[in-house]
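Please read this briefing alongside the sequence and the structure shown below. The confidence of the model comes at the start, and the topics follow in groups.

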Amino acid sequence: MVELIRDLWGFMRERKKFWLTPLIATLLLLGALIAMAQYSAVAPFIYTLF
């Protein structure tokens, strides 16, 4: 996982694609929110957001 992050950061830095950073952060946050909604008691509260 650490190698993937290093490779992704190296790609963005070398090709000046820093606009990908907020996109990737948003996708990771959404993925974490979905995972938390499936495996916790917080699910009813998260479903009300959408």
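The protein averages a pLDDT of 83, and 92% of the residues score at least 70, where pLDDT is the predictor's confidence in each residue, from 0 to 100. This is a predicted model, in which local features need pLDDT of at least 70 and side-chain atom pairs count only at pLDDT 80 or more, while totals for chains, interfaces and linings use all residues. Residues are numbered from 1 along each chain as its sequence is written, and side-chain values use heavy atoms, with hydrogens and water left out.

**Confidence by element**

- Among the elements of the protein, helix 1 has the highest mean pLDDT (88) and helix 3 (residues 43-47) the lowest (70); helices here are DSSP runs of H or I with at least four residues, numbered from the N terminus.
- Where pLDDT is low, the predicted coordinates should not be read in detail.

- Helix 1, covering residues 2-15, has 14 residues and reaches 20 Å from its first C-alpha to its last, close to the 20 Å expected at 1.5 Å a residue, the expected span being 1.5 Å times one less than the number of residues.
- Of these 14 residues the number buried is one, so helix 1 lies largely in the open; buried means under 20% relative accessible area, exposed over 50%, and partly exposed in between, with a 1.4 Å probe and protein chains only.
- K16 lies in the loop between helix 1 and helix 2, and K16 is exposed, with a relative accessible area of 61%.
- Although K16 is not a glycine, its phi is positive, at about 55°.
- Most residues other than glycine have a negative phi.

**Salt bridge**

- The count comes to one salt bridge, defined as a side-chain nitrogen of Lys or Arg within 4 Å of a carboxyl oxygen of Asp or Glu.
- E14 forms a salt bridge with R15, with the closest N and O atoms 3.8 Å apart.
- E14 is exposed, with a relative accessible area of 61%, whereas R15 is partly exposed, at 46%.

**Largest pocket**

- About 210 Å³ of space lies in the largest pocket.
- The lining of the largest pocket consists of M1, L4, I5, L8, W9, M12, T21, I24, A25 and L28.
- Helix 1 and helix 2 (20-38) each supply at least two residues of this lining, and the largest share, five residues, comes from helix 1.
- By type, the lining residues divide into nine nonpolar, one polar and no charged.

**Segment after helix 3**

- T48 has its place in the segment after helix 3, and T48 is exposed, with a relative accessible area of 64%.
- The C-alpha atoms of T48 and E3 are separated by 36 Å, these residues being 45 residues apart along the chain.

Conventions:
1 Å grid on protein atoms, 1.4 Å probe; cavity = no way out; pocket = protein on both sides within 12 Å on 5 of 7 lines; lining within 4 Å. Points joined across faces, edges and corners; volume = space filled by probe spheres on them. Nonpolar A, V, L, I, M, F, W, Y, C, P; charged D, E, K, R; others polar.
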